[in-house]
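Biologist: Thanks for sitting down with me. Could you walk me through a few spots in this structure?

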Amino acid sequence: MILYHLNHLRELEAEAIYIIRETASQFERPAMLFSGGKDSIVMTHLARKAFYPARIPFPLLHIDTGHNFPETIEFRDKMVAEIGANLIVRNVQDSINSGRAKEEKGPNASRNMLQTITLLDALEELKVDAAMGGARRDEEKARAKERFFSHRDEFGQWDPKNQRPELWMLLNGRKHQGEHFRVFPLSNWTEMDVWMYIAMEKIDIPNIYFTHQREIVKRDGMLLANSEYITVRETEKAEMMTVRFRTIGDMTCTGAVLSPANSLQQIIEEVAASKTTERGTRSDDKRSETAMEDRKKAGYF
Amino acid sequence: MSDFSKDGYLNMELLRFTTAGSVDDGKSTLIGRLLYDSKQIFEDQLEAIEQRSSQRGFEHVDLSLLTDGLKAEREQGITIDVAYRYFATPKRKFIIADTPGHIQYTRNMVTGASTANAALILVDARKGVLEQTIRHSFIASLLQIPHLIICINKMDLVNYEEAAFEKVVDEFKSLSSKLDIKDVSFLPISALLGDNVVDKSKNMSWYNGPTLMYLLENLHISSDENHIDCRFPVQYVIRPQQTEYHDYRGYAGRISSGIFKPGDKIKVLPSEEIATVKTIELFGEEIPEAYSPMSVTITLDRDVDISRGDMIVRENNVPNILQEFDVMVCWLNSTPLQGGGKYALRHTTKDARCIIKDIRYKIDISTLHRNEEDKKIGMNDIARISIKTTVPIFFDSYRKNRHTGSIILIDESTNETIGAGMIV
């Protein structure tokens with residue numbers, strides 16, 4: 001008797017839509033963080049579903065590090081035009097130019113940490129009181145403890161010891177002046193769920209998730225895309241490889257995987273057979289065991 | 001990782017369960033064992049715990065390290081609160097609400113239990129039913145978790161003897177007669193060695209029941225939801241600012257219970273206006289039958305004044321509409337409950353305020369004794385209280401409906417969620 005029972009993807013979808021609608025209802029100036037990665041694409045798709053036939057009633061906010069894959073930016077602009085969304089872009093470069101952020105030096109320099117400054121500045125400037133992000137609890141142990149509605153103090157900081165208990169689906173978004181929330185509609189999704197949902201809903205994603213030829217630099221066990229943003233050391237050399245990306249972040253810290261997968265079905269089979277976690281391709285998480293926890297406390301997603 | 005065929009994965013169900021037990025019951029080991037034996041551990045994760053096990057001089061890989069938490073927790077040797085973990089088999093996707101066993105167990109277990117289909121309660125086979133087993137079982141029954149699984153663990157330390165298992169089963173049965181539990185199973189296991197967790201034990205030929213994994217994969221959960229009483233709390237009103245949808249009014253929300261269909265005669269609360277469901281839709285797709293926990297948009301045959309916090313129900317099946325009622329409350333905050341105090345209240349999508357009219361009794365959750373004298377309700381206490389709300393609340397008893405029978409209380413000065421309430 002399975003008649004009145006949803007499959008797990010539909011149940012996760014219903015939960016995420018509920019959270020997105022709750023955010024639009026409880027907050028005055030919500031925004032949805034958009035990075036061009038698959039999780040934020042799925043979240044945007046869910047936001048469209050939540051309010052259809054109306055347009056998404058809040059802006060998409062992209063914190064552009066300036067180190068994005070060009071394919072990501074191209075995809076972003078096409079998608080935004082298609083769905084009629086309001087996109088706001090804030091640039092890490094501007095934070096650097098104005099002296100708010102200081103560029104890291106050296107061959108492993110990354111703008112990952114600097115994003116937090118631009119993000120917090122943007123939230124303040126735009127008076128955003130709830131910023132939705134596509135982070136998932138299965139990604140990392142600090143994220144395993146996140147709430148759907150995650151409370152942040154005036155400085156945008158996450159205090160893991162002072163989070164509100166969330167019971168049933170009764171979400172409490174009440175706050176004092178100056179405080180804001182991060183909201184995570186995809187909390188209960190896994191990497192596999194995201195891929196299956198993309199396949200089920202036929203959602204368009206950037207082509208670098210599929211196999212392609214690319215010039216790659218091997219560094220610390222990672223396959224980094226060669227670009228103007230990384231410095232190739234004397235001991236390294238750039239070589240052409242058949243790769244795809246399992247996650248999309250900055251070109252400086254997102255590693256590729258060797259893969260011939262050129263369809264969603266093949267990607268799903270690859271994810272199912274994978275022996276390492278998705279964050280294993282991210283050097284920003286490899287900096288220390290508590291890298292994510294430390295960044296979250298400082299206001300990162 | 002397990003191999004998923006695409007269609008198989010689409011037919012998977014979602015099962016949420018919570019785990020309860022104290023630090024020494026082997027709860028972390030059991031979760032680690034479920035993840036490990038179902039091949040959900042990635043190489044980079046396994047390497048990390050192998051390394052840390054050998055650093056600590058352990059003989060075996062300590063699977064409990066898989067659920068190790070934050071730096072903030074390790075520094076203080078505690079677990080902050082509920083951590084969520086995920087694994088899947090070709091049949092089901094599982095969400096574990098892993099709640100720690102230290103002093104704040106009640107608050108955390110109540111949180112984890114509030115959305116669970118099943119509760120796993122660990123009992124040490126050597127120690128039998130303890131005070132904390134009573135607490136955990138009481139919370140599971142109070143929160144109306146439909147399925148209870150009693151894992152009698154550390155069977156390896158009692159020579160896998162049937163008598164030790166039966167003794168715990170008997171002890172539990174005499175306790176559970178006092179509780180409101182619908183479905184309970186007993187399993188003899190060893191989380192450390194893997195007996196009856198994923199693989200059937202070779203050491204307990206006297207046991208013919210299922211393994212824990214088999215049970216989790218086959219629990220009958222499709223009838224856990226209430227499919228009788230139609231309740232649709234309106235969450236958001238969709239009014240497109242586009243000319244082509246000029247007259248469109250969609251009522252968006254998540255179905256709490258019952259089965260809604262186009263053509264249904266409905267009543268809107270609190271206005272009591274009657275209308276007919278025109279369409280039920282999501283993203284332009286019409287849905288012939290909508291039921292919990294679907295998120296949908298409902299349109300009606302005529303214009304009715306409806307806003308967030310209103311509830312759409314069937315004309316001939318309405319919930320209670322009252323301003324005074326009793327609640328079993330679990331207190332979540334270090335500031336105690338104030339008799340006569342005023343709090344913000346949230347029920348479904350409705351916000352209201354309430355005053356505490358009376359503290360009827362406090363429950364000693366170790367003995368289940370009702371104490372009518374002790375009116376001091378602090379963190380982790382459970383009490384029956386009477387409240388009065390500023391506006392009528394449309395509710396069912398929690399026993400009948402977990403969605404329309406639950407409330408949270410919010411401190412109006414700190415905005416913290418301080419009480420979890422189940423309407424009696």
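**A pocket, a residue and a helix pair**

Modeller: Happy to! The lining of the second largest pocket has 13 nonpolar, 14 polar and 10 charged residues. Keep in mind that this is a predicted model.

Biologist: Which helix gives the most to the lining of the second largest pocket?

Modeller: That pocket holds about 830 Å³ of space, and 37 residues line it, with Glu225(B), Ser256(B), Ser292(B), Arg402(B) and His403(B) nearest its centre. At least two lining residues each come from H1 of chain A and from strand S1 (13-20) of chain B. The element that gives the most, with three residues, is H1(A).

Biologist: Is Gln26(A) buried or exposed?

Modeller: Gln26(A) sits in helix H1 (residues 8-26) of chain A. Leaving out residues up to four places away in sequence, Gln26(A) touches Phe149(A), Leu171(A), Asn172(A) and Gly173(A), along with Arg308(B) and Arg346(B). Buried means under 20% relative accessible area. Gln26(A) has a relative accessible area of 19%, so this residue counts as buried.

Biologist: What is the handedness of the crossing of H5(B) and H6(B)?

Modeller: Two packed helices are described by the angle and the distance between their axes. Here the axes of H5 (residues 105-113) and H6 (residues 131-142) of chain B come within 10 Å and cross at roughly 35 degrees. The crossing of H5(B) and H6(B) is right-handed.

Biologist: How many residues of the contact of H5(B) with H6(B) are nonpolar?

Modeller: From H5(B), Tyr105(B), Thr106(B), Met109(B) and Val110(B) meet Arg135(B), His136(B), Ile139(B) and Ala140(B) of H6(B). Among these contact residues, one is charged and two are polar, and the nonpolar ones number five.

Methods: Residues numbered from 1 in each chain as written. Chains lettered and ligands numbered in written order. Predicted model: local features only at pLDDT ≥ 70, side-chain atom pairs only at ≥ 80, totals over all residues. Heavy atoms only, no water. Axes fitted to C-alpha atoms, helices over the stretch in contact; angles between N-to-C directions. Helix = DSSP H or I, 4+ residues; strand = E, 2+ residues; numbered from the N terminus. Left-handed = near helix turned anticlockwise from the far one by under 90°. Contact = heavy atoms within 4.5 Å. Nonpolar A, V, L, I, M, F, W, Y, C, P; charged D, E, K, R; others polar. Buried < 20%, exposed > 50% of the residue type's maximum accessible area, 1.4 Å probe, protein only. 1 Å grid on protein atoms, 1.4 Å probe; cavity = no way out; pocket = protein on both sides within 12 Å on 5 of 7 lines; lining within 4 Å. Points joined across faces, edges and corners; volume = space filled by probe spheres on them.
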